Structures are given as C-alpha cells and as structure tokens.
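Open the model in your viewer and keep the sequence panel beside it. The stops below say what to select next and what is there.

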Amino acid sequence: MVTETLATVEIDLIPGAQTGFFRSKESRLLFVAGQGAGKTRAGLQRVFNYSKCHPGATGVITEPIAAHLDYPLMQSWREWLGPLEGQALDVGWVERGRHGPDWRIEFNNGCTVLLRAAESPERLIGFEAAWAGMDEAA
Ligand SMILES: Nc1ncnc2c1ncn2[C@@H]1O[C@H](COP(=O)(O)OP(=O)(O)OP(=O)(O)O)[C@@H](O)[C@H]1O
Ligand SMILES: [Mg+2]
C-alpha cells in the first residue's frame, strides 16, 4: 500500500491503477478494471480529496439504481470514512435525506455530495455541480 494522510484521514492506495486514478490531474477519467479491483473506493477517494480541498463545493455521484447508493456506495464510504461521521472537523460529515429525492452527504466545510440514481434522470437536473462521477457507469 501507498499511504497518503489528509487531515486525520489516511488514504491507502492500492499500487497500480487505483493509485494512478487517484493522483491523475486529468479532468475526465475512466477507471476500468476487474471485479473488486477498487474502482468504487477510488471514486470515493477522489470525492473526499476534492471536497477537503474545495470547501463549499457541490458534486454528484451516480449509481445505476437507487439500491446501489446504499450498497455498495454508502457502505464503502462508511467502511473508510465512518470515523468522521458526525465529527466536529472540517471533513466531518453527515448523511441527509436517505432514500429520498435529495439524498446527500454534507461536510462541515460546506461541501455537498449529491447521491443520485441514473435510473431516475429527472433527479439529475436543477443543481450546479463542480464535479460529477458515475460508479458502474456502464
Ligand atoms: N485502497 C483501499 N484500501 C482498503 N480497502 C480497499 C481499498 N480499495 C478497495 N478496498 C476494499 O476492497 C473491496 C473492493 O473494493 P471496491 O468495492 O472499490 O471494488 P470495485 O472495483 O468497485 O468492485 P466491483 O467490481 O464489485 O464494483 C472493498 O471492500 C473495498 O473497501
Ligand atoms: Mg464497485
């Protein structure tokens, strides 16, 4: 593992594709790899890093169907960032609107991560976003 520390959070990067994806400076990225290669986690690593570095920014993550926002998305988020949930730190976060039309993660630094299902495209309009990421984009 390559370990980078941000605030009180360690980002353990799997050497190879995940590390390259996390560190890339490209504005548009695609991570294609085998089952369990760490793609979902890699997306969350970029979300966390961006949110920490850009207070107040809003972005959106999609999963193909709403059920996948619970698993794997929020499960993977909590598996790594659970210790920051509800903490009084810039990168402390809370989950709001679970299963509703405005499901989101809010950081204390003003960042918002909108959680949306691509099966409900009508919920993918009406907001301004600094970034967007699709898990299971295929
Ligand atoms: N850098 C990492 N440090 C610790 N655990 C990791 C890391 N990357 C991935 N994992 C863990 O490995 C498992 C698989 O990772 P992940 O779900 O991101 O893979 P995936 O490529 O998205 O899988 P799938 O093909 O099923 O969508 C998960 O339990 C995840 O938490
Ligand atoms: Mg995945």
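Start with the shell around ligand 1: by class, four of its residues are nonpolar, six are polar and four are charged. In this count, Ala, Val, Leu, Ile, Met, Phe, Trp, Tyr, Cys and Pro are nonpolar, Asp, Glu, Lys and Arg are charged, and the others, Gly among them, are polar. Select Q35, G38, K39, T40 and R41, the closest of the 14 residues that surround ligand 1. The elements that give two or more residues to this shell are β2 (9-13), α2 (39-53) and α3. A residue is taken as near the ligand if its C-beta atom, placed from the backbone, lies within 6 Å of it. Helices (H or I, at least four residues) and strands (E, at least two) are DSSP runs, numbered from the N terminus.

This is a predicted model, in which local features need pLDDT of at least 70 and side-chain atom pairs count only at pLDDT 80 or more, while totals for chains, interfaces and linings use all residues. Residues are numbered from 1 along each chain as its sequence is written, chains are lettered from A and ligands numbered from 1 in the order in which they are written.

Next, select helix α2. Its 15 residues reach 21 Å from the first C-alpha to the last, close to the 21 Å expected at 1.5 Å a residue; the expected span is 1.5 Å times one less than the number of residues. Which residues of α2 are buried? They are K39, T40, A42, G43, L44, Q45, V47, F48 and S51. Buried means that 20 or more other C-beta atoms lie within 10 Å of the residue's own; exposed means 12 or fewer, and partly exposed is in between, with C-beta atoms placed from the backbone.

Move on to helix α3 (residues 67-81). It has 15 residues and reaches 20 Å from its first C-alpha to its last, close to the 21 Å expected at 1.5 Å a residue. Centre the view on M74, where α3 has a kink of about 35 degrees; the bend at a residue is the angle between axes fitted to the seven residues ending there and the seven starting there. L69, L73 and W77 are buried in α3, and what covers the buried residues of this helix includes α2, β3 and β6. Also in α3 is P72; the peptide bond from Y71 to P72 is cis, with omega near 20 degrees.

Most residues other than glycine have a negative phi, and most peptide bonds are trans. H99 lies in the loop between β4 (93-96) and β5 (104-107) and counts as exposed because it has 10 C-beta neighbours inside 10 Å. E136 is in the segment after β7 (131-134) and is partly exposed, with 15 other C-beta atoms within 10 Å.

Now select the largest nonpolar core. It has 16 residues, and those with the most contacts inside it are V47, I61, L73, V113 and L115. A nonpolar core is a set of buried Ala, Val, Leu, Ile, Met, Phe, Trp, Tyr and Cys residues joined through C-beta atoms within 7 Å. α2, β3 (58-63), α3, β5 and β6 (112-117) each give two or more residues to this core. A second, separate core of five residues includes L13, F21, F31 and A42.

What does I61 touch, not counting residues up to four places away in sequence? Its contacts are G43, V47, L73, V113, L115, G133 and D135; contact means that two C-beta atoms, placed from the backbone, lie within 7 Å.

Go to R104 in strand β5. R104 is partly exposed, with 18 C-beta neighbours inside 10 Å. Beyond four places in sequence, R104 touches R96, G97, T112, V113, L114 and L115. R104 and L114 are 10 residues apart in sequence, and their C-alpha atoms are 4.4 Å apart.

The last stop is R28, in the loop between α1 (17-23) and α2. Is R28 buried or exposed? R28 counts as exposed because it has 5 C-beta neighbours inside 10 Å.
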